[in-house]
Amino acid sequence: MNRNIKYTDFFELVDGGDNVAVAALFMTYGFDAELFEHHILPAFLNVVDNPIEQELRFRNQIALKLKEIPVGVISDAAQYNGGRTFLYDHIVVKQDTFHPKCYMILFKDFLRVIISSSNITKPGLCYNAELIWHEDIYLDKVNSISYDLKSILDFVKDRYELENMAALCEIQKYLDKCKFKTSYPKLISTCEEKFVLDRVMDELKNCSGNCRSVTIMSPFFENDREEIEKSLIGSFIKRIKSIYKNTKINICFPANEQGDKYIVNAPVNIFDEVSKEKNVSFLVVPREWEREDEEPITRNLHAKLIYAKFDNGYNLYMTGSINFTNNAMRSNKANLKNMEVGVINYTTEELIIPNCRRVGIDALEFIDNEKIVKKSICFIDKAEYDNQNLKIYFDEKNMVLPCKIYYNDKVLLSLDSKINEKIVDKFKLKRSQDLKVECDDFIFYVPISISNKEDIITEDLKLDFNITVEDIIDYLAGKYKSMSELKRVKALVKNEKQDQIKETTIYFKQNLHYFYKALSSLKQGLELPYYSELAFDNYISAPIGIKNLIKMFLDDYKDKNSSEVETFLFLVEILNVVNHLQFSKDWLDEGYKMKKLEDITKEAKLTIKQIVKKSKRTLKNQYYIMLKAYDLEVKKW
């Protein structure tokens with residue numbers, strides 16, 4: 001359930017294996033859309049195609065899945081750098097620092113909850129030293145976090161006006177049905193009545209046994225001495241000492257070694273203050289970490305941890321998104337500075353803390369990180385698209401002028417005066433799902449909100465040019481990396497062979513291996529789980545799907561562009577795939593799928609029957625041998 005502070009494969013947790021997602025919600029501070037779309041979305045949607053080598057097919061599969069499975073992302077507005085290209089809900093929060101790292105994937109039989117210190121970014125999921133905690137919640141088992149999680153989602157839904165976010169609503173419905181009891185582990189957040197600091201102190205006070213040591217590990221510390229007499233860490237130590245007089249305090253922080261000094265990015269007065277206390281030790285966390293294969297690797301500490309050891313063998317720890325800062329630890333529902341989510345557990349299980357190095361204060365060289373950074377002012381409240389027009393709502397009071405709004409790398413609007421809203425008539429949605437806003441000193445990105453996603457057909461679900469049998473087979477075989485590449489090749493072929501008819505015979509003789517690769521892909525796609533009739537119908541009826549492929553084979557045969565032998569082979573191989581499918585478990589009746597496929601293959605069966613009937617002697621025997629080997633009976637057709 002809990003993980004050591006080391007590199008942990010987050011992607012294994014979001015991969016449900018044979019379990020297929022019903023809904024998913026990701027709450028994060030930083031958000032890398034490309035990482036999410038290339039590695040996380042396909043993991044829990046069970047899409048196995050390569051987004052680079054098989055881009056066309058990959059994008060088509062993701063787009064189809066998102067038609068039936070609601071996916072939502074909530075992230076901090078100032079940390080979003082654009083790049084969204086699929087139709088999932090993405091809301092950016094600008095009124096608060098939105099800092100949780102809480103990820104929920106609802107599978108058919110359970111809800112997986114991941115509480116982490118890592119954002120959905122490349123550093124967070126691939127390079128940093130992070131802590132990850134997770135639990136699967138089942139309806140027939142009692143749990144201790146569903147009530148708290150429901151409360152957090154209720155708060156998020158109300159505060160950020162997310163009543164229409166389908167993924168959030170689906171997970172709330174599931175949590176309503178869960179069996180909850182009060183025990184450990186517990187969730188903790190800044191949307192409670194109490195400060196996180198006070199909640200942690202209450203937990204420490206109520207634990208049985210004597211607290212031997214408390215370890216505080218955080219990538220960021222702050223003192224905020226203008227607001228309070230003592231620094232946060234000084235106040236925390238005083239309060240612990242008032243309960244457990246002889247408790248040892250370990251303060252761990254990242255530091256870079258330079259000669260005989262350790263460079264620390266923290267206010268020096270924090271350490272001056274606490275160094276006067278008894279039983280307080282400073283520890284620096286090295287950047288070299290030992291992996292499972294014992295090869296050292298450089299990682300930056302980003303984990304957040306308060307870890308108390310008791311003399312009865314139990315340990316209390318808090319981890320999650322909460323840094324040891326006032327904005328996180330002294331934030332609550334009434335005075336929300338940071339939106340945070342963490343987990344508290346009281347357990348005999350131990351966390352393995354890396355080999356920290358104990359140092360004296362004279363070995364530390366402090367850099368007070370008080371750089372003034374020009375922050376983005378995200379002055380667009382939202383941008384909504386209704387399949388015809390784009391409506392942009394502005395925070396008129398905070399607008400920065402002049403500004404330009406870009407879409408798909410082209411200027412959409414240039415503004416020199418403040419406005420409340422702007423309607424862009426006859427807006428055409430391309431692959432990009434974001435607006436880019438450029439001012440003199442900064443840029444920011446705004447996700448386009450699309451309420452009627454089920455009615456919108458993106459370029460991943462349609463083709464705006466004519467295709468042939470060859471194109472469908474090449475697509476299924478993964479030959480093309482992108483839609484634009486297929487379109488470009490089509491244009492070249494058209495220019496070079498305007499007066500020539502491309503016959504299936506030529507393709508058949510030269511590219512038969514592509515056909516068998518295509519069949520393998522076709523089988524894989526048909527066997528995927530589908531959770532709505534619409535999704536299955538869309539898959540088989542797509543321009544590059546099985547229905548159109550069979551139709552084109554039949555058309556070529558009728559137009560005498562392919563021989564009887566070739567047509568027989570093509571159609572029989574497809575029927576062999578259809579007749580021996582092993583459907584995944586989902587919410588659709590298997591009979592519904594087979595009925596749809598029988599309707600699609602009806603004419604193909606009649607054509608095969610006619611070809612066999614017209615054939616003679618050796619050829620007819622060969623036909624029957626193949627049909628028998630594939631367990632296909634002509635008489636039943």
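Colleague: How much space lies in the second largest pocket?

Modeller: The general idea comes first: rolling a probe the size of a water molecule over the atoms shows where empty space is left. Here, the second largest pocket holds about 1,200 Å³ of space. Its lining has 49 residues, and the closest to its centre are Asp-89, Ile-91, Leu-162, Glu-384 and Ser-449. A pocket is an open set of points on a 1 Å grid over the protein atoms alone, where a 1.4 Å probe fits and protein lies on both sides within 12 Å along at least five of seven lines; lining residues have an atom within 4 Å of a point. Grid points are joined across faces, edges and corners, and the volume is the space filled by probe spheres set on the points.

Modeller: Please keep in mind that this is a predicted model, in which local features need pLDDT of at least 70 and side-chain atom pairs count only at pLDDT 80 or more, while totals for chains, interfaces and linings use all residues. Residues are numbered from 1 along each chain as its sequence is written, and side-chain values use heavy atoms, with hydrogens and water left out.

Colleague: Which elements each supply at least two residues of the lining of that second largest pocket?

Modeller: They are α3 (55–68), β3 (89–93), α6 (166–176), β24 (380–385) and β30 (443–450). Strand β24 gives the most, with 6 residues. Helices (H or I, at least four residues) and strands (E, at least two) are DSSP runs, numbered from the N terminus.

Colleague: How many helices and strands are there in the chain, and what does the C-alpha trace span?

Modeller: The chain contains 19 helices and 30 strands. Its C-alpha trace spans about 100 × 65 × 50 Å along the principal axes. Of the 637 residues, 55% are buried; buried means under 20% relative accessible area, exposed over 50%, and partly exposed in between (1.4 Å probe, protein chains only).

Colleague: What share of the contacts joins residues at least 24 apart?

Modeller: A contact means heavy atoms within 4.5 Å. Among contacts between residues at least 6 apart in sequence, 73% join residues at least 24 apart.

Colleague: Where is Thr-601, and is this residue buried or exposed?

Modeller: Thr-601 belongs to helix α18 (residues 590–614). Thr-601 counts as buried because its relative accessibility is 2%. Apart from neighbours within four places in sequence, Thr-601 is in contact with Ile-550, Leu-575 and Val-578. Lys-551 sits 50 residues away along the chain, yet the C-alpha atoms of Lys-551 and Thr-601 are separated by 9.2 Å. Lys-551 is in helix α16 (residues 546–558) and is partly exposed, with a relative accessible area of 48%.

Colleague: What separates the C-alpha atoms of Ile-367 and Asp-559?

Modeller: A distance of 78 Å separates them, and the two residues are 192 apart along the chain. Ile-367 lies in the loop between β23 (364–366) and β24. Ile-367 counts as partly exposed because its relative accessibility is 45%. Leaving aside neighbours within four places in sequence, Ile-367 is in contact with Ile-263, Val-264, Asn-265 and Ala-266.

Colleague: How should I read the backbone angles, and which residues does a cis peptide bond join?

Modeller: In general, most residues other than glycine have a negative phi, and most peptide bonds are trans. In this model, a cis peptide bond joins Tyr-184 and Pro-185, with omega about -5°; Pro-185 is in the loop between β9 (179–180) and β10 (186–189). A cis peptide bond also joins Leu-401 and Pro-402, with omega about -5°. Pro-402 is placed in the loop between β25 (390–394) and β26 (403–407).

Colleague: What phi does Asn-387 have, and what phi does Lys-426 have?

Modeller: Asn-387 is not a glycine, yet its phi is positive, at about 80°. Asn-387 lies in the loop between β24 and β25 and, at 33% relative accessibility, counts as partly exposed. Lys-426, which is not a glycine either, has a positive phi of about 50°. Lys-426 is in the loop between β28 (421–424) and β29 (434–438) and counts as exposed because its relative accessibility is 72%.
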